[in-house]
Amino acid sequence: MRRLIFLFAFLVPAGLLAVAFYMEYVMGLEPCPLCWLQRFAFMGVAAVGLLAVIHNPGNIGGRIYGFLLALTAGIGVGLAGRQLWLQSLPEDQVPACGTSVDYMLEVFPLMDVLAMAVKGTGDCAKVVWTFLGLSIPGWTAVFFTLIILAGLAILFGIIRPSARR
């Protein structure tokens, strides 16, 4: 059961990243800086899930992977929450639009780019797509939250490894 959850912790973010790249390259939706950071958080979750599936750890190792899942997904839900907050601001309080992430990476040091990306820009406040009433960061918050819950369930032993034969 636990290994299956780790597999889903790899497959779901991988699928969501595929959807994100489809939205970018096929639908023409340009990702904002916070979108990029959420993608990196999904990559982190997927990497932890894949490592856990390959490693198939025992009880203590599984709990460590559960913690790492909850941690990386927690960072992602924080980033999604920041973008949702920006999207909820009245128009007169929305920050100015910034430059593209590609340009920022060419001109500024990486730590400055990260600081600017976390602050968000006016681009991050735009709602460019919705499904069932939720915007893209709304959906990412839902998926990150589910992954946090799964990681915590593994961490606290609610989901245990199946008996080895």
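Beyond its neighbours within four places in sequence, Val45 is in contact (heavy atoms within 4.5 Å) with Ala9, Pro13, Leu69, Thr72, Ala73, Phe144 and Ile147. This is a predicted model: local features need pLDDT of at least 70, side-chain atom pairs count only at pLDDT 80 or more, and totals for chains, interfaces and linings use all residues. Residues are numbered from 1 along each chain as its sequence is written, and side-chain values use heavy atoms, without hydrogens and water.

Val45 also belongs to the largest nonpolar core. Such a core is a set of buried Ala, Val, Leu, Ile, Met, Phe, Trp, Tyr and Cys residues joined through side-chain atoms within 4.5 Å; buried means under 20% relative accessible area, with a 1.4 Å probe and protein chains only. The core has 20 residues, and Phe6, Val45, Leu69, Ala73 and Phe144 have the most contacts inside it. Helix 1 (2–25), helix 2, helix 3 and helix 7 (136–155) each give two or more residues. Helices are DSSP runs of H or I, at least four residues, numbered from the N terminus. A second, separate core of ten residues includes Leu37, Leu79, Leu89 and Ala125.

Now the helix pair. Helix 2 and helix 3 (residues 59–88) pack at about 165°, axes 9 Å apart; axes are lines fitted to C-alpha atoms over the stretch in contact, and angles run from 0 to 180 degrees between N-to-C directions. The pair is therefore roughly antiparallel (over 145 degrees).

Arg39 sits in helix 2 (residues 33–55). Arg39 is buried, at 7% relative accessible area.

Technical notes. Buried means under 20% relative accessible area, exposed over 50%, partly exposed in between (1.4 Å probe, protein chains only). Angles under 35 degrees count as roughly parallel, over 145 as roughly antiparallel, 65 to 115 as roughly perpendicular and the rest as oblique.
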